[in-house]
Amino acid sequence: MNDEQTSDPLSRHAQDVIARDKRHVWHPFTQHATECDPTVITRAKGASLFDAEGREILDLISSWWTCTHGHSHPKINAALARQANEFEHVLFAGFTHEPAVNVAEKLAGLLPGDLNRVFFSDNGSTAVEVAIKIAYQSWVNRGEKRPILLAFDGGYHGDTLGAMSVGRGSQMFGAFRDLMCQVYVLPYPATFEGDDLVNEREAGALSSLEAILTDRGQSIAAIIIEPLMQGAGGMCFCRPSFLKRLVEMAQSAGVIVIFDEVATGFGRTGTLFAHEQAGIVPDLICLSKGLMAGYMPLSVTVARDGLFDLFLGDTFDRALPHGHSFTANPLACAVSLAALDLYEEEQTMARIAHINERHRATMEVLAARPDVVKFRVLGSVLAFEIKEGGAYQSEQSKALRAWYLAHGLNIRPLGSTIYLMPPYCITDEELTRAYEGMIEGLDRLASGALSRP
Ligand SMILES: Cc1ncc(COP(=O)(O)O)c(C=O)c1O
């Protein structure tokens, strides 16, 4: 790769946008005192973003795991324009519309068992917030108080208060500890290729679950997990058999099971939903990101029929007091429907299987390196650890991210974890470019030639 491409001067337009951004914008998960200038994006197509200088950047993390079929997809664009010409929004209490009903009906058909009741909100965090509230209130409506939630070490579920509480095991939210609700954090048996100790780790996690169910079972409202893969926690996988066992234990103790498939849903793990691989039905499931192909803020919390029925009654007290101005936004629903149709039209699951094969072949190549360990491949995700890797936002991980970006690759290490999660439309040539660039970055790091630009 050519280092000259990193030194092109920024266009006047980009300089102007950055200067104005720096005066007025507060970015997510960003330490503004130390962060480099942001990249100005002016266009995106397929698996690529284009900056203000027209430079291509392969979006190898699908813009925080949202983009599924590719950026600016013509069919989704057309569906969005069609709906915009009909109407853009209407309040969703006392009103309804076909795009929302279509999405709800389609999801109920795709999800297993009696997961039939779809509550719309705007993003992954609110989908989790709604799930926590449904679980908690369902006990209140039954006349019981169950204030404890169970979650997993390393789990991440979003940034609102309830979501942060169940994500406390991610170690990201220390500042908010005093505001959090009661959560008991269980050990997570993260596993990888050639892991000899996985059985022991799983047994340890299950016995912790058994102990808390025995001690406090009557006070536990729900357990939440990202099925098969913790995303922000570092692309940490668990086995389907472990997931199945824990769901059986929780459900037989009467505890509500929430699956957070905000990141794992819509094909990322090789099946449309991760939980399919374990053959189990949760009580609540949270979906977002791929739900609308990364286009617009939309999420759903889908409940089993029996849970919904607990909210019926003669008074408003039993109803769920939750809603947002943009609940079930028709533009987002139209996008979602078009995106869901594309799975068949473009044989998306076969594309994901192909990406998986390419990832596996790359893993074989990486396995020969002394500097990387703990390989994981599932669906469209490839992940591994740098042996001497730093923490989240360490200088080393920032240097690597900056080098990748300067060389046309959007790869953002999560601490010592390097991972790829490309949009499903990525071509073979683009994948080859991604693997070669990723490996060259590792070579630079290993040789000590990486410093922050
Ligand atoms: C598993 C999981 N749950 C919830 C969220 C929060 O979603 P959002 O960023 O849309 O609020 C995320 C975001 O990355 C996630 O990965």
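I take helices (H or I, at least four residues) and strands (E, at least two) as DSSP runs, numbered from the N terminus. The model is a predicted one, where local features need pLDDT of at least 70, side-chain atom pairs count only at pLDDT 80 or more, and totals for chains, interfaces and linings use all residues. Residues are numbered from 1 along each chain as its sequence is written, and side-chain values use heavy atoms, with hydrogens and water left out.

**Entry: S121**

I looked up S121 and found it in strand 4, residues 115-121. Its relative accessibility is 1%, so I noted S121 as buried (under 20% relative accessible area; exposed is over 50% and partly exposed in between, with a 1.4 Å probe and protein chains only). The side chain of S121 makes a polar contact of 3.1 Å with the side chain of T126. By polar contact I mean a pair of N or O atoms within 3.5 Å; within protein, one must be able to donate a hydrogen and the other to accept it, and residues adjacent in sequence count only if both atoms are side-chain atoms.

**Entry: the ligand**

Next I listed the residues around the ligand, among them W65, Y156, H157, E226 and K289. The shell divides into 4 nonpolar, 5 polar and 3 charged residues. In this count Ala, Val, Leu, Ile, Met, Phe, Trp, Tyr, Cys and Pro are nonpolar, Asp, Glu, Lys and Arg are charged, and the others, Gly among them, are polar.

I then looked at single atom pairs. N123 has a polar side-chain atom 3.4 Å from an oxygen atom of the ligand. For G124, a backbone N or O atom lies 2.8 Å from a ligand oxygen atom. D260 has a side-chain N or O atom 2.7 Å from a nitrogen atom of the ligand. Taken alone, the ligand exposes 390 Å², and the protein buries 83% of that. Accessible areas come from the Shrake-Rupley method with a 1.4 Å probe; for residues, only the protein chains shown count as cover.

**Entry: salt bridges**

I searched the whole structure and found 22 salt bridges, each being a side-chain nitrogen of Lys or Arg within 4 Å of a carboxyl oxygen of Asp or Glu. One of them joins R20 and D16, with the closest N and O atoms 3.3 Å apart. Both residues lie in helix 1 (residues 12-24), 4 residues apart, which is about one turn of the helix. R20 is partly exposed at 44% relative accessible area, and D16 is partly exposed at 37%.

I next checked R433 and E56, whose side chains meet in a salt bridge of 3.6 Å, N to O. R433 is in helix 13 (residues 428-446) and E56 in strand 3 (residues 56-59), so this pair ties together parts 377 residues apart in sequence. R433 counts as partly exposed at 27%, as does E56 at 28%. A network of salt bridges links E56, E429 and R433.

A further salt bridge joins the side chains of R358 and D428 (2.8 Å, N to O). R358 lies in helix 11 (residues 348-366) and D428 in helix 13, so named parts of the chain 70 residues apart are linked. D428 is partly exposed, with 39% relative accessible area.

**Entry: F176**

Last, I found F176 in the loop between helix 6 (161-166) and strand 6 (183-186). F176 is partly exposed at 36% relative accessible area.

Conventions:
A residue is near a molecule or strand if one of its heavy atoms lies within 4 Å of it.
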